[in-house]
Structure formats: structure tokens, C-alpha cells
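Reader: I'd like to learn how to read helix packing and salt bridges in a model like this one. Can we walk through it together?

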Amino acid sequence: MNQLKQIHANTLRNGIDFTKFLITKLIEIPDISYAHKVFDNIPNPTTFLYNKLIQAYSSHGPQHMCLSLYLQMRHKHLLPNPHSFTVLFAACSNRMHGQILHAHFVKWGFEFDVYAVTALIDMYAKMGLMHLSRKLFEGLKIRSIPTWNSLIAGYAKNGDMEEALRLFSEMPRKNVISWTTMISGYSQNGKYSDALAMYLEMENNGEQPNEVTIASVLPACANVGALEVGKRIEAIARSNGYFENIFVCNAIMEMYSRCGRIDAAMQIFDEIDRRRNLCSWNTAIMGLAAEGATPDDVTFVGSILACTHGRMVEKGRELFNSMEQTYSITPKLEHYGCMVDLLGRAGELREAYNLIQSMPMRPDSVVWGTMLGACSFYGNVELAEKAAESLFELEPWNPGNYVILSNIYARAKIWDGVAKLRKTMKGFQIQKAAGYSFIEEESQIHKFIVDDKSHPKSDQIYAILDDVHLQMKLHGHIIDVDEIDSFTEETFVTDSFTRIWKKNIFHRL
């Protein structure tokens, strides 16, 4: 930086024109403010330098300066070029401004520049205007891979993964960004098994993942519990030097933590050492309730969750109360939800209900669902009815709430309540969705539902299941799963054993 200042001083003293070099180097540092001051002193700036400065603001912000510079350029009667619009479209987030720029773009006859049109498609997609993005895409005679990727990313961002997949399948050629866009789209839309399947297909096609691919697929591994695939991805990240990227490290940490390997997660936490950011600490806290950084609202979510699983009710109350009193952090909906979960699991149902009643915001279905689950575990009919009443209003289409309340009534032998709920479900044509589970075996993810016959080895699987069932019966270990209808700790234990013997079935095939 000192050297650049010396060059600038020499330029001013001797009247030598080094401004183009100077501005380019200042932007590379980046020192945008200094570069802009040098730029303002140029008597006749060029379109090239305007583009350089617009691109700098597009990348580093504030992005409203991009449009301001473009208007200044037009005021000076300088002609833009396709690159001018490429960077302007990338920076634009305002629909009206975007359409004005689009009109200027057409006016100057640049609509046949594939790079600029790709940026325009991407701009409209980010605004959620997919019909405009699609119209531009369909009008192109030549479509580059980035053009396809921009449209696919738009559909993925707007939640239309079906159309994204259709376009992805039609692509004549794909690159790592194409695959990553699909993986990221599935993951961000909660379709974790699809994200993982897409990644495995990418591997089979011989495509090398990049850092973004790794960071996108690891949350899917975490949510599906695909630990073995996650380990393999970690090895790929290490061998390619991706551990220099803190986002990759945090994603691997979260994957291990969510898969129950807290020891491995903490090894990563120790390894990244001074590079840890707040996300690293929050991830560690989610697993261990670790300490050491100034907490934010996410930190408290992790801390209260740790208290929930450690059955530390008093500590949880203390943390929740300290948010406003000590750290001036206003509790959000998720903090109240965590506290309801903490109190509900501990059997403090009345306190949990009173906390819901005192919330400054309207409780959502997650909060009331947590309350209903706790009432189911402890058999509290009175509070279960209050929780269920709110849930029926919030999500009348969800059969799970009716089933859980029906089971609570059944255990309390309130048969008229059971009959009333069944009649209501029948009247509203509410059907209980089939439960399913995922099993990972030899880098493949298998999905099963009740009485599933779709698997190619289903005959062999059921034959082994019959054998396992017989052996369990002989040893007196049969569990009537029909009596377990809600996601309680008992269900979790049963599901864990189910996963173990399902996995053993695959080893025997």
C-alpha cells in the first residue's frame, strides 16, 4: 500500500499518467475508497475504468454505487459495453432498476452477448421472476454452460427442484458448478436424500467436487446420517486442500456432530484453532455446550439444546434468562421453542405451557408440536388438548397431530375422544402418511417404508426379517411398534435398534 501511495505521489509531482495501473492495483487490494478518490480526479475517465470500479462495488459493496456510477458514465456521454451490463446485472437487486438496465441493454444492441444475457437471466432469477429468466433463456440460440447453470440455480432457489432437474437432465454438457447447483438446491430445500444421491451420481460420473460442492453436500450427510459418505468427503476435502476453507471445516464439524461423533467434531474444532469463527463455536456448542466466544442468538440455541439433552433444566433456565439480562439479546421464537422442549422433556409441562402463553410472538406449529409430544410422553390430557387445538388451527392438514392426540386419549381410555378424532379425520379426508427410514450401505442410500416391496432385494430382505423376528421372539425381545406412535425417547431407542438390525440385514445379503 505504501508503494502505491509513493507511485501516486510521483504521478502527481511529475505529471505521469499511471492512474489506470494505480486504480487497478488499489481495487485488487482492495481499497475501493482510495481507488474511487483517484478515479474522481481523472479529467476524462474511460469506460474501462468505470467498469473496473463498478465491478469492485459489485463484489465488495455497497452495491447501490454501481448504478450511481453507470448514471454518471452516461451523464458524461460515455458508451457502455456488454461487460458494463454484465457487472451491473450482477449487482442489481431492485426490480425497477433491473428493468431499466434491461431496456438500456436492448437499446445498445447487446442482447446477443451470451455472457451479459446470462447475467441478466441470473438477475431476474434472484428476484424470483422466473418467467422473465425463462423467456430470455428460450430466446438464446447459443447457450453456454453458465447460462444453463443460472436458470437451474433460479429454479432451485425458488423451490422448483422438479424443473431444475428437468433442465439439468437436458443439458448437453455439465460442469462441477452444474452438479453443485443441483446438490445445493436439494439441500437448501430440505431434500437431503436427493442431494446425497446427486452427489454420489456426480462421483460415479468422474466429476471432481470443489469447495462449494463439499460444503453443500455435507449438511445432507448430517441430516440423513450418512456418516461413511461424510468420512469419504472429508478425505477428499483434505487431499484437495479444501481444509483451508473455514466453511468446509465447519460443515465437516457439523456433519460429525449431527451423526453423533462428537469426538471427531471436536478434533476438527481443535485443528482449525485460530481460524474458528462464530459458526465454528456455535457448531461445537451444539454438540458440547462449549464456551469461549461472545455469544449471539445462535449460541444460545445451541446452549439450551445442550441443556435439553443433558437434562440440565436449571442451567437452561439460567441461560434463557441471561439472554436479555446479561447479553441484551431478545429471545426469538426458536429460543422459546428450545425452552419448551427442555421443560417438556423434564416433565415441567405446566411451566412449559405458561411460557408459551407468555411469548411476545405467536407460537408456531413447532412450539405447539413440541408441547404435544411432551404431553404424549407424560400422558397429560388437559394440556395435550390445548396444544392440539392450536395445531389443528395452524396445520389442519397434518395427520400426525390427530394421531398423537388419539393415542393420548387411548392410553387414558377416553374412547369417545378417540372416536371423535377418527371421525374428524375421515370427514376431512386426512390420512396418515407412511413413515420411512434411510439406510446407508456401501455408499448407497436405501429408502424404506412400511411393507415396502420396491427394493430389488425385497424378497431376500423379508426372508431375513422373518428370521430376525423369530429369533427375537424366541429370546423374548419382541416390541409392539403399533403401541409407539409419537417421537418420544422410547421411539428413538426403538428406531436405533431397528437401524442396527436393518444394517445387519444388508451385510447378510
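**Helix packing and salt bridges**

Author: Two packed helices are described by the angle between their axes and the distance between the axes. Here, helix α10 (residues 145-157) packs with helix α11 (residues 161-170) at an angle of about 160°, and their axes are 7 Å apart. That makes α10 roughly antiparallel to α11 (angles over 145 degrees count as roughly antiparallel, under 35 as roughly parallel, 65 to 115 as roughly perpendicular and the rest as oblique). Axes are lines fitted to C-alpha atoms over the stretch in contact, with angles running from 0 to 180 degrees between N-to-C directions. Helices are DSSP runs of H or I with at least four residues, numbered from the N terminus.

This is a predicted model, where local features need pLDDT of at least 70 and side-chain atom pairs count only at pLDDT 80 or more, while totals for chains, interfaces and linings use all residues. Residues are numbered from 1 along each chain as its sequence is written, and side-chain values use heavy atoms, leaving out hydrogens and water.

Reader: Which residues of α10 and α11 make the contact?

Author: From α10 come Trp 148, Leu 151, Ile 152, Tyr 155 and Ala 156; α11 brings Met 161, Glu 163, Ala 164, Leu 167, Phe 168 and Glu 170. Contact means heavy atoms within 4.5 Å.

Reader: Now the charges. How many salt bridges does a search of the whole structure find?

Author: Side chains of opposite charge can pair when their charged atoms come close. The search of the whole structure finds 20 salt bridges (a side-chain nitrogen of Lys or Arg within 4 Å of a carboxyl oxygen of Asp or Glu). Arg 143 and Glu 138 form one of them, at 3.5 Å from N to O. A network of salt bridges links Arg 134, Glu 138, Arg 143, Glu 163, Arg 166 and Glu 170.

Reader: Which parts does the pair of Arg 232 and Glu 203 tie together?

Author: Their side chains meet at 2.8 Å, N to O. Arg 232 sits in helix α15 (residues 227-239) and Glu 203 in helix α13 (residues 192-204), so the pair ties together parts 29 residues apart in sequence.

Reader: And Asp 297, the partner of Lys 332: is Asp 297 buried or exposed?

Author: Asp 297 is buried, at 18% relative accessible area, whereas Lys 332 is partly exposed, at 40%. Buried means under 20%, exposed over 50% and partly exposed in between, with a 1.4 Å probe and protein chains only. Their salt bridge is 2.8 Å, N to O.

Methods: Helix = DSSP H or I, 4+ residues; strand = E, 2+ residues; numbered from the N terminus.
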